[in-house]
Amino acid sequence: MIISANPQPFDAPVRGTGSVALLCALAMEHGLPRRDVLAGGGIPEAALEDPDAEITGAQELRAIAAVAESLPEDAGLTAGGRYRLASYGIWGFALLSSRTLREAHEVAMRFVDLTYALTRISAQEDEGEVRLFFDDLDVPEHVRRFVLLRDTSAALQLWRETLGRPVVPLRVTLRLPQPADPTGYETAFGVPSLFGTARSMLAFDAALLDQPLPQAAPLTAALCQAQCRDLLQRRHSRQGTSGRVRDLLVHTGGRILGQEEVAAELHVSVRTLRRMLEDDGTTFRAIVEQTREHLAEELLVTAGLSVEQVARRLGYTDASTFVHAFRRWKGISPGRWKERKRGLPVRPSTNGRKSRPAAGVSDGRAGRAADGIPVPSTSSKAPGPREPGAADS
């Protein structure tokens with residue numbers, strides 16, 4: 001059984017800042033300022049305290065490069081041993097709540113883009129073994145040892161935590177020169193490592209895959225996997241031309257740009273923009289619709305705006321046009337959807353009138369937008385944008 005690898009780090013989807021936080025802690029233990037790590041990756045310090053903050057794989061590589069040469073040769077082993085399932089958020093909980101290690105392994109590989117790995121990870125089950133490969137040809141030479149040791153030791157740590165007991169690989173091969181002192185490697189992996197091999201690999205007894213997991217919770221696992229799918233889709237949607245267009249649409253203070261404006265921002269003609277979006281399998285109109293749907297959710301629930309205010313912010317000519325579009329997206333009116341998302345008791349509608357929250361329930365709650373989507377200004381005085389016309393398809 002072969003499971004495909006994750007993409008190159010420079011093409012990888014964005015990731016959270018948990019891995020960089022661990023790197024900062026390691027650097028500080030060796031007398032290296034945290035600011036050096038963050039400055040190397042161009043990462044603001046506030047991002048470490050923000051659960052919604054995201055960085056690119058390239059930024060994490062640069063952060064590692066800023067301090068790797070000043071750390072011990074085997075510091076990657078120390079770093080990898082500190083990763084816990086909780087470090088990965090919903091991906092980690094999906095593994096922990098799986099029925100068996102096989103199920104957890106399959107979930108791990110299916111959503112490997114939600115990890116912090118910078119090597120290309122793939123898996124193969126054959127001849128009674130399951131082998132994890134860590135290909136590092138895309139990783140710059142000056143950080144390769146740190147990244148490879150971190151990713152391999154982190155993978156072993158996750159197997160141990162998932163099973164809830166010690167796990168020792170059958171074999172460890174590393175595409176690295178023989179170190180002067182391999183003691184730290186044997187301590188970390190539990191077996192002597194073979195150096196100078198063509199590929200880096202951890203091999204395990206395949207019988208481990210059918211072991212039941214101590215914290216199995218099938219319903220929780222299903223919920224976590226669904227959230228992994230949603231998160232992965234959102235992160236993938238930010239790649240390519242379509243991702244750049246989405247970013248432009250949601251970072252304009254609530255004004256939905258027209259196709260000509262977006263093309264100008266990207267320094268291409270409208271015709272070229274259409275062709276590039278076709279290559280991504282989408283159209284400008286489809287992206288506008290998707291963006292409006294996501295922003296409508298945020299504005300209704302997080303910002304607490306009225307239906308009329310949201311319609312104006314999203315560029316609809318009137319509230320009824322927005323309500324019609326919202327019913328097409330969700331199969332329900334925006335008012336009822338808003339009440340359900342907030343867990344408010346919904347009264348049956350009568351005489352064709354919209355239902356209202358029960359008496360005494362506040363409808364003015366506000367908060368921070370999720371998934372990095374900014375919430376536009378809640379002022380109802382700013383003029384709304386124009387409705388993109390047929391020429392914007």
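Helices here are DSSP runs of H or I with at least four residues, strands are DSSP runs of E with at least two, and both are numbered from the N terminus. Counted that way, the protein has 16 helices and six strands. Please keep in mind that this is a predicted model, in which local features need pLDDT of at least 70, side-chain atom pairs count only at pLDDT 80 or more, and totals for chains, interfaces and linings use all residues. Residues are numbered from 1 along each chain as its sequence is written, and side-chain values use heavy atoms, with hydrogens and water left out.

Let us start with the whole protein. Of its 393 residues, 48% count as buried, meaning under 20% relative accessible area with a 1.4 Å probe, protein chains only. Contacts are heavy atoms within 4.5 Å; among those between residues at least 6 apart in sequence, 70% join residues at least 24 apart.

Now follow helix H7, which covers residues 141–163. H7 has 23 residues and spans 34 Å from its first C-alpha to its last, close to the 33 Å expected at 1.5 Å a residue; that expected span is 1.5 Å times one less than the number of residues. Because 19 of those 23 residues are buried, H7 is largely enclosed by the rest of the structure. Just after H7, glycine 164 takes a positive phi of about 75°.

Is arginine 150 buried or exposed? Its relative accessibility is 3%, so arginine 150 counts as buried. Its side chain makes a polar contact of 3.4 Å with the side chain of tyrosine 83 and another, of 3.0 Å, with the side chain of aspartate 151. A polar contact is a pair of N or O atoms within 3.5 Å; within protein, one must be able to donate a hydrogen and the other to accept it, and residues adjacent in sequence count only if both atoms are side-chain atoms. Leaving aside neighbours within four places in sequence, arginine 150 is in contact with residues including Ser19, Glu60, Tyr83 and Tyr116.

H7 also takes part in lining the largest cavity. A cavity is a set of points, on a 1 Å grid over the protein atoms alone, where a 1.4 Å probe fits but cannot get out; lining residues have an atom within 4 Å of a point. Of the 22 residues that line the largest cavity, the closest to its centre are Trp91, Ala108, Ile121, Ala155 and Leu158. H7 gives the most to this lining, with seven residues.

Notes. Buried < 20%, exposed > 50% of the residue type's maximum accessible area, 1.4 Å probe, protein only. 1 Å grid on protein atoms, 1.4 Å probe; cavity = no way out; pocket = protein on both sides within 12 Å on 5 of 7 lines; lining within 4 Å.
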